[in-house]
Amino acid sequence: MTTSIYAQRRARVAQQLGAEGIAIVPTAPERQRNRDNDFLYRFDSYFHYLSGFTEPNAWLVITGDGRSTLFCAPKDLEREVWDGYRLGPAAAPEVLGVDAAFSVAELDAQCPKLLENRSTVWYPFATHPGLESRIDGWLNSVRARVRYGALCPAEQRDLCGIVDEMRLVKDAHELATMRRAAQISAGAHIRAMQLSARMLRDGQQVREYHLDAELLHEFRRHGSQSVAYGSIVAAGANACVLHYRADAAPVRAGDLVLIDAGCELDGYASDITRTFPANGTFSGPQRALYELVTASQEAGAAVTRPGARFNDPHEAAVKVLAQGMLDVGLLDANKVGGVDDVIEKRAYFPFYMHRTSHWLGMDVHDCGSYVEPGEVGQTSERRDPLSGELIVNRPSRILHPGMVLTLEPGIYVRPGAGVPKQFHNIGIRIEDDAVVTASGYELISRGVPVKADEIEALMRA
């Protein structure tokens, strides 16, 4: 991505700060894993979105007149031998397109000067522990100069609101990166499916970590820097644990395996879930529930288009799932009523307890309001039929081209009274990444099959 794109983003932010506004954005800190060992570094998404800079220990300042200043680690040849190349402040303006750059060691000296005579200071609220106190210290330094005519910002505002709106609609460069990330992740899912079937055919013992290793290998083989989140590889009953992590449980013929995994590429996440028979063949009960989840995802996708609401895919998926649960006997119509009753009473909740979608982008659960900004004041109240909690509803977000959301319905059947035994311990989720287009939607993660027959054919190959 060229520096001009980041410059354009900073200019858009500057226009919204007000003429005398100033924004301060730190990147993420390095985090220690254990003695003499840090976690793999990952920059702050807001900071990177506005700078394109990937080094730790850096800050970005944008002022309402459009100027940008970077604070970064100074050149240090000795430390670079140990930790790697540093850009340094001297090279930063030309390489990153910022107007000025200083050593991060000068941050506390320079920020009060930058804040002086500004009316409003913007920064991302509740994202960096200690940031508010750091800014308070700089403001106190400005207040100490009021007798000399200095003006101190009188207002503090959340920068997240501005940048979230920008990040919610992806540009062509972002979408190209996300398509590539989804393509890599789809290939990884295919390899995991085929490995499972092949090892079982060969009489080998298969464990969840074997499939997890296949995912990681494929991610890195194609240039992905990291997983976008901790991969879920759940065999058998483990698939009924929503946030299960790949572990050492055996993968047995006759089990379903749920894999929820995606790579991160150049700062952008992919997020794909597939559920498949470990040996390549669905049983009758497995296929019945699998095709129900497939149908519910298709229903959710069908209503994903410009002008629709964010909640529309969820409501469409729930309607299909609710009717299907009645049809296959997971729910007893004599006890819960018809499909409308199931939805109104949330009788489906024991088998489907999460939402169908979330935003996707630099973060796997990406930023952006789920409420339509111009309709925040339009509220209605309802009492949740299960918890009794009073819930305030607001109109959900109107979808526009360039927004990216997941479509991920599921069914999770734990053993219980009245639950048909043939469905016990079946957990199924199907998730794809959907780009809202001018004419509807594009599923960018369909490089890996979804239909049951196609999965069985793939695993026979």
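A salt bridge here is a side-chain nitrogen of Lys or Arg within 4 Å of a carboxyl oxygen of Asp or Glu. With that in hand, let us walk through the model above. This is a predicted model, in which local features need pLDDT of at least 70 and side-chain atom pairs count only at pLDDT 80 or more, while totals for chains, interfaces and linings use all residues. Residues are numbered from 1 along each chain as its sequence is written, and side-chain values use heavy atoms, with hydrogens and water left out.

**The chain as a whole**

The protein chain has 14 helices and 21 strands; helices (H or I, at least four residues) and strands (E, at least two) are DSSP runs, numbered from the N terminus. Its radius of gyration is 25 Å, close to the 23 Å that the globule rule gives for 461 residues, so the chain is as compact as a globular protein of that length. The radius is taken over C-alpha atoms, and the rule is 2.2 Å times the number of residues to the power 0.38. Along the principal axes, the C-alpha atoms fill a box of roughly 80 × 55 × 40 Å.

Of the 461 residues, 52% are buried. Buried means under 20% relative accessible area, exposed over 50%, and partly exposed in between (1.4 Å probe, protein chains only). The accessible surface of the protein chain is about 20,800 Å², with 50% belonging to carbon and sulfur atoms; these areas come from the Shrake-Rupley method with a 1.4 Å probe.

**Charges and salt bridges**

The protein chain carries 49 positive and 59 negative charges, and their mean positions are 1 Å apart. Lys and Arg count as positive and Asp and Glu as negative, with His and the chain ends not counted. Each charge is placed at NZ of Lys, CZ of Arg, CG of Asp or CD of Glu.

How many salt bridges does the structure hold? There are 27 salt bridges, and here are three of them.

| Salt bridge | N to O distance |
|---|---|
| Glu-165 and Arg-397 | 2.7 Å |
| Lys-451 and Glu-298 | 3.3 Å |
| Asp-432 and Arg-446 | 2.9 Å |

Take the bridge between Glu-165 and Arg-397. This pair links distant parts of the chain, 232 residues apart: Glu-165 is in helix 7 (residues 160-168), and Arg-397 is in the loop between strand 16 (390-393) and strand 17 (404-407). Glu-165 is partly exposed at 35% relative accessibility, whereas Arg-397 is buried at 5%.

Next comes the bridge of Lys-451 with Glu-298. Lys-451 lies in the loop between strand 21 (441-443) and helix 14 (452-460) and Glu-298 in helix 10 (residues 284-302), so the pair ties together parts that are 153 residues apart in sequence. Both ends count as partly exposed, Lys-451 with a relative accessible area of 43% and Glu-298 with 40%.

The loop between strand 21 and helix 14 also holds Arg-446, which is 14 residues from its partner Asp-432 in strand 20 (residues 432-436). Is Asp-432 buried or exposed? Asp-432 is buried, with a relative accessible area of 0%, while Arg-446 is partly exposed at 37%. Elsewhere, salt bridges that share partners join Arg-167, Lys-170, Asp-363 and Asp-366 into one network.

**A few residues worth a visit**

Ile-184 sits in helix 8 (residues 172-201) and is buried at 2% relative accessibility. Which residues does Ile-184 contact, leaving aside its neighbours within four places in sequence? They are Glu-218, Phe-219, His-222, Cys-263 and Leu-265. The C-alpha atom of Ile-184 is 39 Å from that of Ile-22, which is 162 residues away along the chain.

Asp-384 belongs to the loop between strand 15 (380-383) and strand 16. Asp-384 is buried, with a relative accessible area of 6%, and beyond neighbours within four places in sequence it is in contact with Arg-346, Glu-389 and Ile-391.

Arg-346 itself lies in the loop between helix 13 (339-345) and strand 15, and has a positive phi of about 55° although it is not a glycine. Most residues other than glycine have a negative phi. Asn-57 has a positive phi too, near 60°. Asn-57 is found in the loop between helix 2 (45-51) and strand 4 (59-63) and is partly exposed at 44% relative accessibility.

Note on methods
Contact means heavy atoms within 4.5 Å.
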